[in-house]
Amino acid sequence: MNQYLCIHGHFYQPPRENPWLGEVETQESARPYKNWNERVTAECYYPNAFARILSGSGKIKDIQNNYSKISFNFGPTLLSWLQDNNPETYQAVLDADKKSQETFGGHGNAIAQVYNHIIMPLANERDKETQIIWGIKDFESRFKRAPEGMWLAETAVDTQTLAMLASNGIKFTILSPAQCKKTRKIGDKMWSDVASAKIDSKRPYTYNLPNGKSIVLFFYDGQISQSIAFGGMLSSGETFAKQLAGAFDNRREPQLVHIATDGETYGHHKRFGEMALAYCLDYIEKNKLAVLTNYGQYLEMFPPQYEAIINENTSWSCCHGIERWRADCGCRCDSKDGWTQKWRAPLRGALDFLRGKLLETFETKGKEYFHDIWAARNAFIDVILDKSKMSGFIEDHGTDAARADAPAAFKLMQMQLNAMLMYTSCGWFFDELSGIETVQIMAYAKRALGYNKAMTSADLEAQFTTKLAAAPSNIAEFENGAKIYEHFVKPISTGLRKIAINYGVSYLLDEILFEDYIYLYSISDQRVEVSSFHDAKLICGYASFTSLLTTETRRVSFALLYGGGVDIVAGAMYGCSSFELKKIKETFAAGAIEETKDIIKNTFSEALTMGGLMKSKQKQILARSIKDAQKRVQKSFEDVFNQEQYFLNYFKEVTFPMPQLIMNLAESVLNDELKREILKEELNENNLSKIMGNIKNIGVKIYEDYIKYQLTKRLNALISDYAADSADISKAVKATNYLQTLEQFSLPVDKYKSANLVFNKLKKMPLELKNNAALETLCEKLNLDV
C-alpha cells in the first residue's frame, strides 16, 4: 500500500508558575479545577493516554494510548509540570514514544518544541539559538534520544530560524500550507507559485538554506485540520476516519495524508475527542484504509523529491503573518463590541526595552562570571532540568569570580531565563491585556527586573511601567498595562521575608514539613518556638533559607501573632535579632497581646496582616477558623431537623411548597450525614437507605462534587488493592459490592481510573484467572467488555 497517514497533535500550555514560588497558584477561571494545567490534563492529556474504544453495545472493548499512534509534541514547560503533578500521564507519554519506535522502524512519535513557545521570527538571534538548544536538550533528557523534528510556536517561521534548526541537527518541521510560497521538483529550473489551496501537502519538501544546509518541510492538510479544530468532524470516529481516507488520490507513488491541530482539540476543546481519535485510528488500521506512520519514518522511506520556498514571517494562527503578536491586526478569539488589541504593540515595546537593558547587564556583568556568556546560557538548561548540576555548571563555565560568588552567577542566568519566559506567545494571543496569560508574562518581567536590580542596584521598574501605561486595556476599571501590573503582578511578587512569614504560618497550621524546604528555598539552622496565651498563639524564631535557584543563603528572623479568626500580625527581617525576639516573647507571655502586635509592627522591616499572606495560607487559616463554628451551627441544624422531621415530611405529603430556609436546613443536615457515612470503612446499607430516603422525600440535592470525589477515591483504592493481587478474587468481590451499593442508591462515582486499572490487568492476566464470575461482574460494573 502506498497510502500513509500521520496525525500530529501539538500539546501545549504556557508556563504558569508563580516565578517567586515555583508553583501554579489557583486560577478561578479554571474551576472546578485548581488551575488550567489541571483542568486540561483531566480533559485531554490523561484521557488521551487511556482513550476508550467502545463496542456496538457501548461497552469498553479497548483502551488505547493515543500518543503511541500519532505524531506529537509536548511543550517542555508542560512536561515539567506533568512530571511533578501528574506522573501517570507523564510516564504514559514517555512510554508511548518508546512503543512508537518499535512500531515505526526506530522512529519515535515525539518531536521537540522551542523551549517556551516564543514567536521565533520576532526573537533576536541569540534567543532563537537558546530556545532551540534548550528545546532539544529538554527533549533528550526526557525521551532519551535526539529529536528528529521540532515544532515552532504557532508554526511561526522565517529562514533564519529554519537555518538554525538545521544547524542543530533538526531534520524537519511542520508548517501550514499557507506558509509555502513556491515549489518545484528537485532538478527543475522553474518554480511554481502556490496558494494554500494548490499546494500538494501529500509529499515532503526540501528547503535549501543560505547556510548550505537543508531542512524538510511537511505542509499539513489545511482543510481537514480546520474541520477537526473548528468543525464537527470529531462527533464520529468513523466519519473522522473516512474523511482522512477520502483525502488520498489515485497517484501511484507513495503519498502522505497528514494533519496538525492543537492536541487539546482531542478532549478539551472537543469533548470526547480523544475517543473519536482512538476509534478513527483503530478503524483505519482494521479496515486497511492506510498505513499509520510518523514523519521520521516516512522521511526515511521516501526522501523528498520536491523542494519549496516559504512565505517569510508567517504562522498558522494569524492570516496577517505574525502581526497577532505585535499589532492590532484583527486576529482575536472573541468579537466583543468595542474591544481592540491596541495593547499588543506597547506591550512588546515595553518588553523589548526591558530585554535590551537586561542584555546590557548580562553582557557586562556576565563577562566577570563566565568564560563565554552565551555558551553558559545555552548550557544552563542542564541546571533547569536538574538542580544537582549547579556546582558542575560553575566548574564548567564559571570564572574564579563565579566560584567565589556562585549566587551572583546564577542570578544572571535566572534573569535571562525570565527574560525569555516573558516572551511566551500566549501573552499576546488572547483579547485582553488583563488576561491571565498576559499577566503571567508581566510577572516574569518583574522577576527579571528583580534579578537585574540585585546585580546592578539599578531600579528599572518605573521606566518599564511607564511604557506599559501606553498599552490600553479594554476594561475601563484597569485602564492600562501599568495599572494591571500594579493590580495583578505586584501582589504576587514574594520576597524572602514574606516567605519566611509563611513558613511561620505552617507552624500555626500544625503542618508537618517532611522535607526542610518551602517553595523555592531549603531551610536549615531553624529555631522556632510556638507559645500560647488563652486563644492567642505566637510563632517566633529564625532560620536560614537557601535559594534553590541561586544557592544564596540568608538568615531571616520572624514572628507571627495569631489572635483567632483573621486576626494576624506578622513580621520578618534579615539577620538574627535575638534581642527583639526575646522582647516579643516576654511581652506575649505577660498577656500584653496588643503591645506584642505593636512591637512586631515596629520591629520588622517586612510586616503584614492576614491579607499579605499567600492566598493558599489565607484559605487554610479561614478553614481552620470556621471549623469549630461549623460544628456548632451543624449541631444546631441537626437538633432542629430532628425535632421537625415529621413536619418536613408532611410538606411533601400535601404538596405544599417548602420554605427555602427549611430546604437549606434539610440540605445541610442530610449532606453532612451522608458525608460522615461514606467516609466509614464499610458502607452501611441501612444507614444509607435512611439518609437517601430523606434526601429523596424532602427533595434536596446532594453535594455532588464532594460526594463523588470521596466515593471515587475509595473505589480507586479498592481496585488498586485488587490489581496488586488479582489472584485474590475476594478483593474483586469487595470492589463489586461497593459499586453495587453505589448503584443501589444512585450515588455518583467516577469509574475512569478504576476501569483503566482493571483493563490493564486483564490484558496481562492468564486465561484461567479471567474465567471467573466475580471478575466478570466487576467488569460489567466498570462497563468493560470482557
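**Group meeting talk: spaces and sheets in a predicted model**

About 80 Å³ of space lies in the largest cavity. Hi everyone, that is where I'd like to begin, and please keep in mind that this is a predicted model.

How do we look for such places? Rolling a probe the size of a water molecule over the atoms shows where empty space is left. The count here comes to 4 cavities of 30 Å³ or more.

Back to the largest cavity. Its lining has 13 residues, and nearest the centre you'll find Pro-14, Pro-15, Ile-436, Glu-437 and Gln-440. Which helix gives the largest share of that lining? Helix H17 does, with 5 residues. Both helix H16 (426-429) and helix H17 (436-456) supply at least two residues. Sorted by class, the lining has 7 nonpolar, 4 polar and 2 charged residues.

The second largest cavity has a volume of about 60 Å³. Among the residues lining it are Ile-118, Leu-122, Arg-348, Arg-355 and Tyr-423. How many polar residues are in this lining? There are no polar ones; the lining divides into 6 nonpolar and 3 charged residues.

Several elements each supply at least two lining residues, including helix H1 (36-49), strand E2 (51-54) and helix H26 (704-724).

Let's move on to strands. Take a look at E14, residues 306-310: 5 bridges join this strand to E8 (residues 180-185), and the two run antiparallel. In that part of the model, Thr-183 stands opposite Ala-308 in E14. Strand E10 (residues 205-208) is joined to E14 by 2 bridges, and these two run parallel. Here Thr-206 stands opposite Glu-307.

My last stop is an open sheet of 6 strands, in the order E15-E16-E17-E18-E19-E20, with antiparallel pairing. Why do E15 and E20 each have a side without a neighbour in the sheet? They stand at the edges and have a single partner strand each, so one side of each is left open in that way. Further in, 11 bridges join E16 (residues 521-533) to E17 (residues 536-547), and Val-530 stands opposite Ile-539 in E17. Helix H20 (residues 496-508) packs on the sheet, and its direction makes about 50° with that of E18. Helix H21 (residues 578-589) packs on the sheet too, touching E16, E17 and E18. The direction of H21 makes about 160° with that of E17.

Key: Residues are numbered from 1 along each chain as its sequence is written. This is a predicted model: local features need pLDDT of at least 70, side-chain atom pairs count only at pLDDT 80 or more; totals for chains, interfaces and linings use all residues. Side-chain values use heavy atoms; hydrogens and water are left out. Helices (H or I, at least four residues) and strands (E, at least two) are DSSP runs, numbered from the N terminus. Two strands pair if DSSP finds at least two bridges between them. Contact means heavy atoms within 4.5 Å. Axes are lines fitted to C-alpha atoms, for helices over the stretch in contact, and angles run from 0 to 180 degrees between N-to-C directions. On a 1 Å grid over the protein atoms alone, a cavity is a set of points where a 1.4 Å probe fits but cannot get out, and a pocket is an open set with protein on both sides within 12 Å along at least five of seven lines; lining residues have an atom within 4 Å of a point. Grid points are joined across faces, edges and corners, and a volume is the space filled by probe spheres set on the points. Ala, Val, Leu, Ile, Met, Phe, Trp, Tyr, Cys and Pro count as nonpolar, Asp, Glu, Lys and Arg as charged, and the others, Gly among them, as polar.
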